[in-house]
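Reader: I would like to go through this model and ask, for each label, what value stands behind it.
Author: Then put the questions one at a time.

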Number of protein chains: 4
Amino acid sequence: MYTLKDVAAHSGPKDCWIIIKGTVYDVTEFLPQHPGGAEIILSYAGDDATGAYESFHPPSFLETPQPGFKPLGPLLPSELPISWKPEIKRQSKPPLNTIINTFDFEAIAERTVTPKTWAFYSSAATDLLSMKLNKKAFDQVLFRPRVMRNNESADTRTKILGFDTGVPFFIAPTAMQGMVNLDGEKAMAKGAREENVIQIISTNSSHPIADIVSSGKGPQKQTHFLQLYVNTDRQKTAQLLASAKACGLRAVFVTVDAHLAGKREADERLKVDVPVKSAVSGAISHNDEKGGGIGRLMGLYVDRTLNWEDIPWIKSVAGDLPIVLKGIQTAADAKLAVKYGVQGIVLSNHGGRSLDTSPPALYTLLEIHKIYPEVFNSLEVYIDGGIRRGTDIFKALCLGATAVGIGRPYLYALNYGAEGVAHLTQILKDELETTMRMCGVRDLSGVHPGLINTRKIDAFVEDGVEHSYVKWRPKSKI
Amino acid sequence: MYTLKDVAAHSGPKDCWIIIKGTVYDVTEFLPQHPGGAEIILSYAGDDATGAYESFHPPSFLETPQPGFKPLGPLLPSELPISWKPEIKRQSKPPLNTIINTFDFEAIAERTVTPKTWAFYSSAATDLLSMKLNKKAFDQVLFRPRVMRNNESADTRTKILGFDTGVPFFIAPTAMQGMVNLDGEKAMAKGAREENVIQIISTNSSHPIADIVSSGKGPQKQTHFLQLYVNTDRQKTAQLLASAKACGLRAVFVTVDAHLAGKREADERLKVDVPVKSAVSGAISHNDEKGGGIGRLMGLYVDRTLNWEDIPWIKSVAGDLPIVLKGIQTAADAKLAVKYGVQGIVLSNHGGRSLDTSPPALYTLLEIHKIYPEVFNSLEVYIDGGIRRGTDIFKALCLGATAVGIGRPYLYALNYGAEGVAHLTQILKDELETTMRMCGVRDLSGVHPGLINTRKIDAFVEDGVEHSYVKWRPKSKI
Amino acid sequence: MYTLKDVAAHSGPKDCWIIIKGTVYDVTEFLPQHPGGAEIILSYAGDDATGAYESFHPPSFLETPQPGFKPLGPLLPSELPISWKPEIKRQSKPPLNTIINTFDFEAIAERTVTPKTWAFYSSAATDLLSMKLNKKAFDQVLFRPRVMRNNESADTRTKILGFDTGVPFFIAPTAMQGMVNLDGEKAMAKGAREENVIQIISTNSSHPIADIVSSGKGPQKQTHFLQLYVNTDRQKTAQLLASAKACGLRAVFVTVDAHLAGKREADERLKVDVPVKSAVSGAISHNDEKGGGIGRLMGLYVDRTLNWEDIPWIKSVAGDLPIVLKGIQTAADAKLAVKYGVQGIVLSNHGGRSLDTSPPALYTLLEIHKIYPEVFNSLEVYIDGGIRRGTDIFKALCLGATAVGIGRPYLYALNYGAEGVAHLTQILKDELETTMRMCGVRDLSGVHPGLINTRKIDAFVEDGVEHSYVKWRPKSKI
Amino acid sequence: MYTLKDVAAHSGPKDCWIIIKGTVYDVTEFLPQHPGGAEIILSYAGDDATGAYESFHPPSFLETPQPGFKPLGPLLPSELPISWKPEIKRQSKPPLNTIINTFDFEAIAERTVTPKTWAFYSSAATDLLSMKLNKKAFDQVLFRPRVMRNNESADTRTKILGFDTGVPFFIAPTAMQGMVNLDGEKAMAKGAREENVIQIISTNSSHPIADIVSSGKGPQKQTHFLQLYVNTDRQKTAQLLASAKACGLRAVFVTVDAHLAGKREADERLKVDVPVKSAVSGAISHNDEKGGGIGRLMGLYVDRTLNWEDIPWIKSVAGDLPIVLKGIQTAADAKLAVKYGVQGIVLSNHGGRSLDTSPPALYTLLEIHKIYPEVFNSLEVYIDGGIRRGTDIFKALCLGATAVGIGRPYLYALNYGAEGVAHLTQILKDELETTMRMCGVRDLSGVHPGLINTRKIDAFVEDGVEHSYVKWRPKSKI
């Protein structure tokens with residue numbers, strides 16, 4: 001039996017005890033190997049770390065012995081604070097083979113990850129209108145299936161920026177994947193191997209890029225891209241790109257729709273129990289007077305002055321890596337992207353997380369067709385947001401997208417580790433194959449707009465014809 | 001009192017005991033007369049067959065003595081497994097004369113058929129969007145009733161492919177009707193006699209075609225058509241057609257929208273308790289790694305290479321039987337059907353069961369009017385999916401359909417046997433007569449598009465005018 | 001204490017006992033004065049009449065002594081059948097002065113009238129789509145209020161067919177008003193006096209026309225019209241019209257949209273406990289194999305052969321009474337009405353009770369504007385269905401209606417007798433005055449289409465431009 | 001212990017006792033300092049005032065000693081009437097810093113203000129259709145965000161009628177703010193100081209104008225405008241304007257859409273427990289036969305004859321104060337406003353409180369663009385109704401509004417006093433800044449219609465093209 005005082009005597013990097021759920025552990029040897037970094041553990045050295053522990057680890061983590069995690073014995077019951085009382089266990093996860101679609105993964109994640117993790121990933125800007133519209137837009141597009149087309153099989157292989165992939169979708173970059181699974185981006189890389197799914201690694205990754213890449217087939221054998229937030233300290237961005245190239249990353253996706261974070265109210269309302277730190281950007285979250293929104297707190301280093309004239313500099317530090325702009329929302333900006341010579345654009349409203357009532361990517365895709373269709377001849381176009389079914393993927397491809405990004409679903413699949421990631425890939429691939437065969441298409445060269453009916457949403461898309469009121473401009477003010 | 005060991009000693013075709021709900025039966029004499037075939041029972045010979053029994057028989061089946069089904073006595077209570085415990089009884093059915101519409105039949109089926117049967121029949125592809133849209137499309141069409149038209153009576157008789165019928169609707173082909181009622185397609189045939197409702201017999205029928213036909217008025221006196229899935233073994237298809245002709249079937253409906261089955265998640269989630277076998281195609285369902293979807297499991301023999309160039313061969317083996325293609329979903333394919341010289345087409349999205357967000361048949365019907373109206377002069381057009389009211393039938397006829405197919409409602413009516421089938425026919429006929437008289441129409445030659453207002457859905461239908469983006473084609477890939 | 005045998009001995013018109021809720025009554029003297037006729041009581045003579053009594057009388061009826069209704073004493077408890085057990089009392093009604101809109105009256109009626117009465121009045125055809133759309137159509141029309149118009153007061157007076165009325169709405173004809181209040185149409189007449197609200201008396205009235213008229217201010221002093229169902233026995237119709245004229249009725253509204261009744265399922269599902277008989281048409285309801293739908297059962301005498309060529313005959317028997325056709329649903333039939341020289345038309349889908357998905361009257365009103373606006377110069381146009389607010393009334397007037405019919409709301413107000421009827425009139429009048437003043441209109445000559453915005457529903461209205469598919473006509477069949 | 005008789009002996013202005021929740025108080029000294037005036041307390045002198053007290057004071061008011069409010073002791077328990085029984089306490093308010101949006105303020109107000117206060121502020125005309133549509137209209141407008149625009153900061157400053165303000169929104173005039181917080185408009189003025197939010201003071205204010213102005217930074221230092229209901233006694237209006245000018249108010253907003261109050265049913269259903277009196281207009285509310293609607297009862301003095309020809313007179317008494325008309329709902333009236341030479345208009349449907357199904361201000365704003373865009377060059381245009389987010393404000397500005405009015409949200413924020421008001425301002429300002437930066441706008445001179453997509457609502461807005469039926473005019477009646 002230990003007392004609080006006993007524990008408090010061991011609070012340095014050379015002798016570090018912590019308390020988790022009423023048990024005292026010596027974690028001195030664990031410090032250097034903690035994926036989240038030693039600092040975070042040290043901030044609880046000699047003290048209770050139950051809350052922080054539970055925010056980022058599955059309940060089962062300590063049920064088996066962990067290397068470097070040495071249990072010493074129980075704390076005196078009389079000293080147990082209220083937060084150490086055995087709590088109602090988060091529900092357990094059903095077997096992976098009972099999961100048959102993305103919504104299953106989502107529903108299970110809601111029940112089994114920590115409340116803060118759920119808030120961070122599931123939340124979106126203010127009233128969630130864009131997030132819901134993202135999905136609805138796909139649901140309102142109908143197919144025009146062609147029958148009797150000798151559809152014995154369907155081939156889902158394609159190329160993205162010239163790199164082979166087994167499927168026309170990629171793992172969209174999402175921050176701090178260690179919050180849902182300790183192995184985070186490493187498990188994602190491992191799960192992506194099977195079908196050569198391309199993984200885009202976030203600047204705010206939980207793990208170092210090199211570790212992530214080596215968890216897969218390794219550089220040259222598996223394709224990874226880098227998602228980039230440009231740092232106010234440009235030198236850090238240059239270093240990051242140099243490091244990424246050294247690790248074998250093949251392209252840079254520059255995020256342009258989140259130089260400041262949206263107001264994600266579910267996330268703001270939950271305080272951050274423990275600072276979250278990225279192993280790549282070094283950003284750390286702290287609560288502030290606005291609340292505990294991780295997305296906002298981790299984005300404080302992002303350069304808000306970024307503009308089109310910065311593209312040449314980005315190219316200069318990216319070297320021969322292709323540049324893709326992620327977050328284009330108008331045909332006008334797609335046109336600028338062509339003008340500035342980037343290799344691709346991701347039409348995206350950041351999963352509805354940045355600005356509520358910003359347009360679904362599918363609307364923007366249609367807007368480009370109406371106003372500036374030449375863009376499809378100049379660069380590759382991807383879209384993301386609300387894609388939950390193989391049918392959604394097929395619809396995007398019919399409208400000229402080269403591939404689509406899958407964000408939250410891969411996060412929720414990561415809840416099952418690399419196996420979950422691979423399982424999700426198979427689900428989406430299978431749904432896509434079924435859709436292709438039902439529509440009379442054998443490989444992805446066969447998709448075209450005539451296979452879908454977009455009339456239900458066409459009327460909601462800008463076509464570049466000026467409204468009467470576009471002629472008017474308010475007088476300048478101030 | 002018997003032990004499990006006692007029973008296990010009787011496990012051959014000449015001496016076959018099984019256990020059902022704790023009672024041991026000698027079913028040796030029943031084997032040759034089992035409508036589902038002897039093999040299925042033999043797979044449980046000497047063993048407990050409760051689960052399989054309950055999946056396909058009404059609870060009341062064994063309450064009265066069954067010929068060839070000889071009760072021997074109870075199993076030792078100590079050997080009773082958990083699944084033999086008396087279960088909560090499925091609810092009982094209200095009297096047939098209290099049922100006044102198709103929705104009553106559906107609600108009762110949900111409460112009284114086995115969970116697997118309900119899952120198989122009620123399920124549809126992925127998110128059920130097409131299934132719901134099928135019904136909504138009809139609800140959004142308004143009437144333009146003409147008054148004071150001397151409507152003393154209404155005559156619902158018509159011809160389908162030249163064959164007389166009392167009503168402009170037919171029994172759409174659905175698989176394994178024995179799952180809802182032991183007599184399955186035979187009871188359906190019997191119930192169809194009264195109004196000369198034409199029955200389309202599925203390739204995946206529970207009963208042999210000859211038995212089905214002889215349960216009605218018999219060949220020449222009652223009209224039956226064959227629904228055909230072309231077999232990868234073309235010889236089997238030729239034999240089936242020869243057999244069907246010999247039995248007096250009058251036309252062949254070739255299904256073209258289900259060479260592979262849709263992803264019907266409610267069905268996949270429920271395991272098949274017992275293999276289901278078709279008496280016509282011989283297909284048997286088994287669980288596999290994707291789940292227990294009966295539709296998918298029974299369709300494994302279907303030839304996925306079927307294409308337009310196969311039509312001449314189908315004609316050659318069908319001889320003088322008219323050919324109808326079931327599952328057309330675009331005006332373009334309707335045009336091809338005319339070109340290839342078939343006698344009819346069924347506009348259908350397979351009850352929303354094949355590909356989610358495929359178009360409601362009513363949309364396709366309007367699309368044909370807009371793009372290729374000549375088709376109505378070249379072949380007969382039928383539609384199915386979502387038709388639940390006499391008003392729905394009338395709307396389809398106003399838009400040029402010769403007749404409509406009724407699928408799930410007849411299955412749910414079959415829950416009451418032949419009487420249920422006849423009762424449903426009377427309900428729909430009565431609703432149709434009321435609609436005709438309310439709209440000022442005395443017989444079916446009087447229907448025309450001016451009697452309905454389709455404006456609410458017109459804007460959602462493709463009209464063949466090219467969108468700007470149809471001009472664009474993605475570069476080929478791979 | 002009486003026995004059933006005691007009671008059974010008194011079962012003739014000269015000596016009539018009945019049992020109600022366990023009490024034996026001698027009702028011999030009551031027979032000739034029963035508003036529903038002596039026959040109905042006699043059908044229960046010497047027997048229990050509780051069910052019939054409760055279907056048509058308020059629970060409070062027998063709480064005070066009724067003339068001619070002589071209580072003899074209780075039935076032996078041992079002989080009390082289950083239906084005589086004291087039942088849960090229908091809820092009591094809140095004070096009339098707490099009711100501030102039509103929905104209050106409706107909600108109270110649902111709780112306080114008998115289930116059969118509620119089913120008969122509240123039900124509509126099959127899936128209730130038209131009934132709901134009737135209201136929704138009004139809700140989707142917006143105002144374009146003009147401000148600063150010196151709106152000290154609003155004058156709601158107008159003329160209908162040349163007859164003065166205080167308000168531009170009338171009491172639409174509804175059958176068997178005695179079901180909601182024993183005084184039925186008589187109380188309605190009394191309540192209509194105050195604002196000179198014109199009452200249209202149904203052919204299926206509970207009370208004789210003469211009694212109804214004399215309950216108001218009397219002929220010449222108050223305006224009543226007759227609603228007419230033409231009888232298969234034309235002589236009876238001629239007699240009815242002669243009688244109506246003698247009673248001082250001023251116009252004839254011939255119903256043309258209900259020669260057969262719609263399928264009102266809520267009504268069909270409830271059996272008629274006691275035959276309901278009209279004092280005017282003599283129609284009596286009985287259950288039949290389709291169910292207990294009062295509307296259907298009471299309409300069996302209606303001439304289904306009625307057509308436009310019958311108009312001259314109707315005129316001949318109506319003499320100098322103006323003729324109005326009630327139930328016009330297309331501009332084409334409005335045009336025929338002009339051609340046949342009637343004085344008015346009611347655009348109506350019978351409150352959604354006849355044919356489901358028939359058009360809201362507001363759609364038909366707009367259709368006439370688009371296709372045949374000249375009709376407004378030739379006859380008066382009224383509309384009914386879904387009008388629940390003064391705003392609804394004003395919208396109809398802006399689109400050229402002379403007045404609107406109020407149906408169910410007056411029935412539900414009648415639940416409070418004549419006072420309820422007068423209270424409802426004041427509520428609607430007050431709402432209409434507020435609307436007029438808010439829109440800048442001082443009297444009804446000031447209404448015009450520019451005061452409303454109908455764009456939300458315009459696209460759903462036929463405009464007479466032929467669709468491509470109107471060119472096509474199905475080949476005749478049979 | 002006191003008896004009722006004891007208390008009744010002290011019922012004059014010089015010796016005034018009242019009973020509140022079973023405690024007797026001597027409030028003689030409190031009379032002259034009561035913000036609501038001495039008369040109201042005197043109407044309960046010598047009697048129980050619990051109901052009145054609770055309608056206008058927070059439950060916590062008497063928990064701390066109040067100057068001039070002298071507790072004498074308890075009433076005899078036997079004399080306690082039912083209304084004195086301790087009631088379930090209204091819920092307590094969460095800390096202000098946990099509130100992150102307008103909806104939080106609203107939800108808390110619903111739980112914590114008195115039922116009558118909630119009914120008065122939250123209610124709207126009849127079926128609430130306009131109130132809901134006000135919000136929905138904003139939600140249906142999408143952004144077209146421009147990215148990579150160097151958005152380090154956003155400047156929300158602007159001018160309204162030439163007066164500086166930190167934000168492009170103002171505090172819309174709402175009546176009797178003392179109902180939600182005893183300091184009412186005074187606390188509002190205090191809370192508005194920080195960002196120079198312009199406050200519009202209602203004619204029906206709880207406090208005198210001079211007191212309100214002096215609660216802020218004072219005249220010349222903070223901007224206040226006057227909302228004006230023209231009195232039937234024009235002399236009173238002239239006096240009010242003279243007084244307002246003397247207090248330093250800078251503009252007059254004449255309300256033109258509420259010369260009579262809408263039918264706000266939630267408000268009418270709750271009786272006024274105590275007369276409510278305005279310190280500015282002197283209007284007092286009383287229950288009448290229509291109910292207890294405060295808005296209606298307090299508007300009885302308003303001149304219903306107001307019309308365009310009165311504008312010159314208003315100008316003459318307003319002197320050099322700019323005139324703004326509040327409640328314009330059509331482009332036609334906007335045009336008249338230009339003709340009559342006012343300085344601004346507020347497009348408004350009075351928060352949906354005046355006439356149900358009147359158009360959302362956003363529709364009217366679009367209508368002006370379509371029909372009479374020149375108006376933006378002649379006067380300033382503001383809109384209000386349904387604005388709950390910074391995104392809503394930005395959309396209005398993009399369409400040419402100079403600023404927007406915020407009504408109910410400021411009332412609900414006032415529930416927290418001046419701090420709540422300031423907190424709401426910061427929330428809206430922060431949301432607006434985020435929106436500006438996300439859309440690529442640095443200051444308010446950068447807004448323009450190209451930044452939004454209004455297609456979803458465009459079709460519902462009148463464009464001045466005449467419908468066929470606009471050509472028709474009903475014949476005059478009466």
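Author: Two residues are in contact if their C-beta atoms, placed from the backbone, lie within 7 Å. By that cut-off, the contact of chain A and chain B takes 41 residues from chain A and 40 residues from chain B. This is a predicted model.

Reader: What makes up the side of chain B that touches chain A?
Author: At least two residues each come from α10 (265-269), β13 (323-328) and α13 (331-339) of chain B. By class, this side has 16 nonpolar, 14 polar and ten charged residues.

Reader: How many residues are in contact between chain C and chain D?
Author: 41 residues of chain C are in contact with 39 residues of chain D. On the chain C side, two or more residues come from each of β6 (142-143), β7 (158-160), α14 (361-371), α17 (417-439) and α18 (455-458). The largest share is that of α17(C), with five residues. The classes on this side of chain C are 14 nonpolar, 13 polar and 14 charged.

Reader: How do you know which chains have no contact joining them?
Author: A contact needs C-beta atoms within 7 Å. No contact joins chain A and chain C, and their closest C-alpha atoms lie 14 Å apart. No contact joins chain B and chain D either, with the closest C-alpha atoms 14 Å apart.

Reader: What rotation superposes chain B on chain A?
Author: A rotation of 90° with 0.1 Å of shift along its axis does so, at an RMSD of 0.2 Å. In chain B, B:Ala459 comes closest to the rotation axis, with its C-alpha at 6.9 Å.

Reader: Why is B:Met176 called buried?
Author: A residue is buried if 20 or more other C-beta atoms lie within 10 Å of its own. B:Met176 has 28 within 10 Å, so B:Met176 is buried. The residue is found in the loop between β9 (169-171) and α7 (184-192) of chain B.

Reader: What makes helix α6 of chain D mostly covered?
Author: Eight of the eleven residues of α6(D) (129-139) are buried. Among them are D:Leu129, D:Met131, D:Leu133 and D:Phe138, and also D:Asn134 and D:Asp139. The cover includes α6 (129-139) of chain A and α6 (129-139) of chain C. From chain D itself, it includes α14 (361-371), α15 (390-398) and α18 (455-458).

Reader: Which residues have the most contacts inside the largest nonpolar core?
Author: They are D:Val252 and D:Ile345, in a core of 133 residues. Helix α17 (417-439) of chain D gives the most to this core, with ten residues. Not counting residues up to four places away in sequence, D:Val252 touches residues including D:Phe225, D:Leu241, D:Ala318 and D:Ile323. In soluble globular proteins, nonpolar side chains tend to be buried together.

Reader: Where is the pLDDT of chain A below 50?
Author: The mean pLDDT of chain A is 89, and 92% of its residues reach 70 or more. Over residues 81-89 of chain A the pLDDT is below 50, and this stretch has nine contacts beyond near neighbours in sequence. Residues 468-478 of chain A also stay under 50, with 28 contacts beyond four places in sequence. For the complex, the predictor gives an ipTM of 0.84 and a pTM of 0.86.

Reader: What does the domain assignment of chain A give?
Author: The assignment gives domain 1 (4-84) and domain 2 (102-458). The C-alpha centres of domain 1 and domain 2 of chain A lie 36 Å apart.

Terms used. Residues numbered from 1 in each chain as written. Chains lettered and ligands numbered in written order. Predicted model: local features only at pLDDT ≥ 70, side-chain atom pairs only at ≥ 80, totals over all residues. Helix = DSSP H or I, 4+ residues; strand = E, 2+ residues; numbered from the N terminus. Nonpolar A, V, L, I, M, F, W, Y, C, P; charged D, E, K, R; others polar. Buried ≥ 20, exposed ≤ 12 C-beta atoms within 10 Å, placed from the backbone. Domains from an automatic or database assignment. Core = buried A, V, L, I, M, F, W, Y, C linked by C-beta atoms within 7 Å. Least-squares fit on C-alpha atoms with pLDDT ≥ 70 in both. pLDDT = per-residue confidence, 0-100.
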